[in-house]
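Please look over the structure below with this briefing beside it.

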Amino acid sequence: MILDNVSRWFGNVVAVNDVTMSVGPGVTGLLGPNGAGKSTVINMMAGFLAPSAGTVTLDDEVVWRNEEIYRRIGLVPEREGMYDTVSAWQFVLANAKLHRLPDSEAAAQKALNTVQMSDVKDRDIATFSKGMKQRIKIATALVHDPQVLLLDEPFNGMDPRQRIQLMDLLHTMGDGGRTILFSSHILEEVEQIAGNIQVLVAGRHAASGDFRDIRRLMTERPHQYWIRSDNDRALASAIIAEQSASSVELVADSRGGSGYSTTGARDTTAALHVEATDVSRFVRVLPQLAARHGIRLYEVSPADESLESVFSYLVTR
Amino acid sequence: MNAIVAQLTARSLLGRRRVLLLLLLPGVLLLLCGAVRLLAGSDTTVSIGVLSSFALGTVVPLLGLIAGAGSIGPEIDDGSIVYLMSKPLSRHSIVHSKLAVAVAVVTVVAAVPTLLAGFVMSGTEASLAVGYAIGAFVAGLAYCALFVLLAVITRNAVVVGLIYVLIWESLVGSFVPGAQVLSIQQWALAITEKVVGSSAGTLGLSSAVSFGTGVVLLAVIVIGCTWYAGARLRKLRLTGNE
């Protein structure tokens, strides 16, 4: 599946901005913070949203307004809405029949077995928990054994056991040669199952490729720290002399936390803001520096560990 | 038309308490007609008044709105229509299936009660019961087609539909005769008038349009709305929570 210079805007808001990516067999994670445009991309890949510019194709066929493409695509939507006045069996069977499968009942049973919902298949969907509904959604997407499976935030609402089951299932399907793409805003989820990832930030395609390469980019970026000690000025001098940081700044603590002045008296504003170039060396050297100069460290905390800051860094690369 | 789409639509439309809502109006119609028969006897003028203003003017359009918009609107609102849209199905076939269910429902809860109401009030006199039942059926078909289309193109289909039925057909139509020309109720009444025959004029049954005009306009609205609903469904934008 290929997105070629795809953009999508809603009025004046650009949701997806000139994204080019290709997704092939195996499991691919579409990673990005909330509001990054992941669902918009998945909806365009599923043919439910026309790109404002560019094209989305599957095996060279445009997916928008192409109903026949759904013989090859399975979709697990993020939204909860389902026909919950029917039982799980009736719903999955109806999905199989809508695909006009030669043996709809066998296909529906296989899909329910795959998501381990056979035991409760006669219950109305309305009585299911969020995780159970999620598994029924997956069963409906798998019922016609699609070549491409698109999942929008599939782990939402699942308990840890269900997550592991779904991860195993996606692994197996990916290993079997299917093209699986799932979106998530949680790094660890993506790391556990996706060999390849596509990173979206603010509608832009920030990075793509092997997860280990992206992970290395993330860990090798300059790390920023807030440090509080009983002698910030002396510590700043020592850090600069050690050359393990690209910048050291004595600033008012914008977080409003407590700090201590160079005299040791409690100071509610002072803190050191340090940008370390070599993270592993910096975290090893910092306590040694403090001990050597007789400085007491009160707090060392990362200043930019939020997912958004990691993504933002990737965008600037 | 697709039988599975029709089954799912019927389950949604008739599920839970919605079926009670659908049965409320025909129940009131039959009770009212029974009371009229008991109190006024078999009076053709009163029967025509009740069948025109309440059955054809209120029950049929409101049930057409509930069944027509309800056959597809809630699925678009909650996103569950994605399970139909992600199948290799013609969008026109989805609309046809939903329209068929809505028309079947309106036939059962509006046209058949209208027939019964006519019999209760005036028996077989002047074919009033049959004439109004046929009028209710074709009006129901046209209302359903119009309201299915409204539900596809706007999230406010019920409000727009109520404005059409209550403001345009009932209020504006009663004060501005020209407005009645663009009224499904009057088009259906033209067919009722034709079925009742030559005695319609003497009984005070008359529509604002001729039979031919009524048939043509009904056909245009049913075929046009159904086709356009399918075309708009092809372009329906389904988005996630972002």
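H9(B) passes H11(B) in a left-handed crossing, a term used if the near helix is turned anticlockwise from the far one by less than a right angle, whereas clockwise is right-handed. This is a predicted model, in which local features need pLDDT of at least 70, side-chain atom pairs count only at pLDDT 80 or more, and totals for chains, interfaces and linings use all residues. Residues are numbered from 1 along each chain as its sequence is written, while chains are lettered from A and ligands numbered from 1 in the order in which they are written.

**The helix pair**
- Helix H9 (residues 184–196) and helix H11 (residues 211–234), both of chain B, pack at an angle of about 130°, and their axes are 8 Å apart.
- H9(B) and H11(B) are therefore oblique to each other (angles under 35 degrees count as roughly parallel, over 145 as roughly antiparallel, 65 to 115 as roughly perpendicular and the rest as oblique).
- Residues that make the contact include Trp187(B) and Ile191(B) of H9(B), together with Leu218(B) and Ile221(B) of H11(B), where contact requires C-beta atoms, placed from the backbone, within 7 Å.

**The whole chain**
- Chain B has 11 helices and 0 strands, which are DSSP runs (H or I, at least four residues, for helices; E, at least two, for strands) numbered from the N terminus.
- Along its principal axes, the C-alpha trace of chain B spans about 60 × 35 × 30 Å.
- Among contacts in chain B between residues at least 6 apart in sequence, 80% join residues at least 24 apart.

Notes
Axes are lines fitted to C-alpha atoms, for helices over the stretch in contact, and angles run from 0 to 180 degrees between N-to-C directions. Two residues are in contact if their C-beta atoms, placed from the backbone, lie within 7 Å.
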